[in-house]
Amino acid sequence: MSGIATFATAPTVQAIAWALVHFLWQGALVGLAAAVALRHLRSRSASARYALAVGALLALLALPVATSFWIGGSAGTELSGPGAPGSDLPVRAANLGTAPNLTSPAILPASGFDLSALRAALSPTLPWIFGLWLAGVALLAVYHLGGWRQARRLAGSGRPLPAELEARVLDLGRRLGIARAVRLLESTAVSVPAVIGWLKPVILVPLSSLVGLSSWQLEAVLAHELAHVRRHDALVNLLQAALETLLFFHPAVWWISGEVRKEREHCCDDLAVAVCGDRLSYARALADLEGLRAPLPRLALAADGGSLLDRVRRLVGAPARPAGRSWLAGLLALSILPFGLTLQSLQWNGGGTRFAANGAGGGVSLAPQRPAAAEGGARRSEEANETTTGAGGSGQTTTGEARRGSWTATRQGDRVDLESTMSWKSVGESHRWHVGETYEAKDLVGLTAGPDVRFELRREAGTFLFEGRFGGAKGSGTFTFQPNPAYPREMATLGYTVEPERQMEMAIQDVSVSFAREIKSLGFRDTTLDQLVQLRIQGVTAEYARALGGLGIADLSAEQLIQLKIQGVSPDWVRGLNTAGYRDLSADQLVQLKIQGVSAEWVQGLTAAGSGDLSADELVQLRIQGVSAEWVRGLADAGYRDLSPDQLVQLKIQGVSGAWVRELADAGFPRGSADELVQLKIQGVTGPFVRQAVSRYGKLSADDLVRLKISGRLDR
């Protein structure tokens with residue numbers, strides 16, 4: 001046997017190859033579990049989501065390692081017999097059912113199960129699997145090594161910054177709890193601030209950030225980089241690169257690693273905001289970095305990491321963009337395929353026992369296999385005995401009859417806060433339903449005070465019957481829901497299928513047949529049942545949709561209508577924008593304008609100050625930067641009129657004001673352009689500085705003043 005062949009059939013190589021095969025479905029399951037868990041943690045802190053994603057990465061690393069050791073250990077006996085690699089006893093293939101191979105009995109059972117076809121198909125490919133994996137690891141290792149060397153070169157290309165800036169960084173580090181020293185260097189090799197290194201971290205700051213960001217914005221961005229240092233993110237990033245190299249072939253690894261990087265930036269954003277104290281201004285600083293993007297090595301942590309747009313939207317409280325879920329289908333297929341093959345083959349050749357999934361618990365247990373006829377009869381008997389269990393301790397069948405739950409209520413004047421809870425079981429599933437709503441007291445028919453009260457909440461989908469104790473201010477008891485049998489039939493005429501399990505939801509949200517008919521009559525013909533529920537939850541009425549249509553906002557989808565209502569876009573607000581000259585705006589433009597707090601009064605104030613004829617996008621940008629009519633009027637009074645939106649934004653970002661411009665003019669600086677004002681403000685030029693420079697050198701241009709300020713010549 002040649003050296004290559006001996007290596008390819010070595011037990012360690014085969015164990016690793018089998019572990020890589022099994023990792024296809026193991027990684028898919030971890031990816032699906034992480035996706036579900038992250039979805040449930042959407043409202044939690046970024047640090048909680050980050051910890052979960054890092055834990056998923058560690059699980060992805062542990063699974064193939066454990067599997068390879070398990071397979072290598074469990075297959076030792078099989079390989080030690082005749083025909084094993086290195087044995088002196090020749091064995092003919094005809095004497096063996098299949099070639100010796102490595103499988104884990106715990107993962108692919110070898111005794112008593114028919115997996116020979118699967119083994120025979122995969123065993124010859126194991127050397128190729130291992131070889132391709134090794135080649136991919138080598139290529140990615142070379143790529144990451146190049147990135148590491150590039151990052152080290154960047155760290156060595158910097159120059160020290162002024163002592164006052166280093167003092168500010170030192171103070172920021174103390175406020176963040178960083179005990180070790182962090183070097184701050186200016187570098188022309190980067191376009192945004194970035195931190196490099198773990199043991200001896202270095203923060204590189206480009207000249208563009210020193211010039212293009214205000215003092216406060218630069219401090220906020222540096223706080224973000226220092227947050228990376230405090231959290232030891234460079235080390236985690238290095239471990240991520242190693243994991244992506246070893247398990248490069250699985251999409252779940254790349255997706256979870258991307259989630260780690262995204263939540264890492266969110267965590268650092270939160271720390272930076274906690275130190276600097278102004279969430280909106282920090283978001284503006286991130287927005288200004290958008291124009292300074294440039295690729296960096298993956299082993300460098302830059303201030304523009306992740307999606308800057310998503311980070312800004314998160315900081316200002318804007319609704320997040322819907323995330324794509326196309327990868328879920330791939331992960332699901334990867335997990336279902338091996339399970340399907342395994343469960344299909346995990347049957348005794350002689351019959352009698354099989355794996356069966358538990359219904360509600362979702363686990364797996366061994367149970368005797370019953371004949372088909374007997375099994376069908378038993379299943380029908382179990383379904384007939386299925387009951388619901390309510391808080392009151394009684395059970396009802398789930399075939400359309402009333403179910404029992406519990407309620408608590410608190411009354412304040414004519415309004416009643418009512419919370420209802422119900423738990424029940426259907427075939428193979430457990431359900432729990434909880435809702436809290438506020439009702440007018442008159443809607444709860446029969447509600448009085450006393451030790452034994454009965455009242456009703458009547459809806460088209462059904463009636464809630466409450467009973468218990470109510471002291472006038474607080475009460476509790478049990479309730480039942482009686483579905484209206486005519487409701488599903490009437491909804492079916494409109495194209496909606498209302499399952500028995502959803503009829504109670506339709507009742508509590510008061511999704512009536514007339515409401516569904518009105519929505520369809522307004523042109524929302526493809527509205528789903530879930531969208532009808534959302535429309536009711538958000539308080540969308542037919543009158544609201546009709547009023548928007550009358551203002552020219554037509555061809556809306558149900559989702560757009562819901563978004564408009566969520567953001568508080570009212571017909572009166574739209575009418576005000578129309579009066580200010582903004583008509584025929586799209587739903588997305590209206591949402592963005594409303595999120596940023598654009599009002600008709602603010603728009604009219606800008607127009608009166610000389611900044612009219614702005615597009616909707618320009619209005620949003622001006623509003624984000626805090627441009628006000630008073631500020632624009634101050635610049636106009638100082639001689640700067642008819643400024644473009646971009647000029648207004650740049651002047652506002654740098655803190656240029658009418659008072660500062662007049663201060664420079666009084667000190668002897670002639671009128672300059674908007675760009676010159678920006679440069680003067682960036683360099684910290686003030687009226688006293690201009691007066692001192694003019695008294696020494698005479699009339700000076702903006703460039704002369706900038707050079708004098710940078711050189712510090714007046715301080716000598």
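**Note on aromatic pairs, ring contacts and confidence**

1. In this predicted model, a cluster held together by ring pairs comprises Trp 407, Phe 455, Phe 464, Phe 466, Phe 479 and Phe 481. In total, the structure contains 10 aromatic pairs.

2. The pair formed by Phe 130 and Trp 133 deserves a description of its geometry. Phe 130 has a relative accessible area of 8% and is buried. Trp 133, at 15% relative accessibility, also counts as buried, because the limit for that class is under 20%.

3. A second pair, Trp 407 with Phe 466, is edge-to-face, with 6.1 Å from centre to centre and 90° between the planes. This pair connects distant parts of the chain: Trp 407 is in strand S10 (residues 403-412) and Phe 466 is in strand S15 (residues 462-470), 59 residues apart. Trp 407 and Phe 466 are both buried, and both are members of the cluster named in the opening point.

4. Arg 536 lies over the face of Phe 515, 4.9 Å from the ring centre. Lys 565 places its charged end over the ring of Tyr 544, at 4.6 Å from the centre of that ring.

5. Helix H24 (residues 600-608) packs against helix H25 (residues 616-624) at an angle of about 95°, and their axes are 12 Å apart. H24 and H25 are therefore roughly perpendicular to each other, since that description covers angles of 65 to 115 degrees. On the H24 side the contact is made by Trp 602, Val 603 and Leu 606, and on the H25 side by Leu 619, Leu 622 and Arg 623.

6. Confidence should be read alongside these points. The protein chain has a mean pLDDT of 75, with 71% of its residues at 70 or more. For residues 291-299 the pLDDT is below 50, and the model gives this stretch 30 contacts beyond near neighbours in sequence. Residues 332-401 likewise stay under 50 in pLDDT, and the model has 89 contacts for them beyond four places in sequence.

Notes: Residues numbered from 1 in each chain as written. Predicted model: local features only at pLDDT ≥ 70, side-chain atom pairs only at ≥ 80, totals over all residues. Heavy atoms only, no water. Phe/Tyr/Trp six-rings, centres within 6.5 Å; stacked < 30°, edge-to-face > 60°. Buried < 20%, exposed > 50% of the residue type's maximum accessible area, 1.4 Å probe, protein only. Helix = DSSP H or I, 4+ residues; strand = E, 2+ residues; numbered from the N terminus. Lys NZ or Arg CZ within 6 Å of the ring centre and 35° of its normal. pLDDT = per-residue confidence, 0-100. Contact = heavy atoms within 4.5 Å. Axes fitted to C-alpha atoms, helices over the stretch in contact; angles between N-to-C directions. Parallel < 35°, antiparallel > 145°, perpendicular 65-115°, else oblique.
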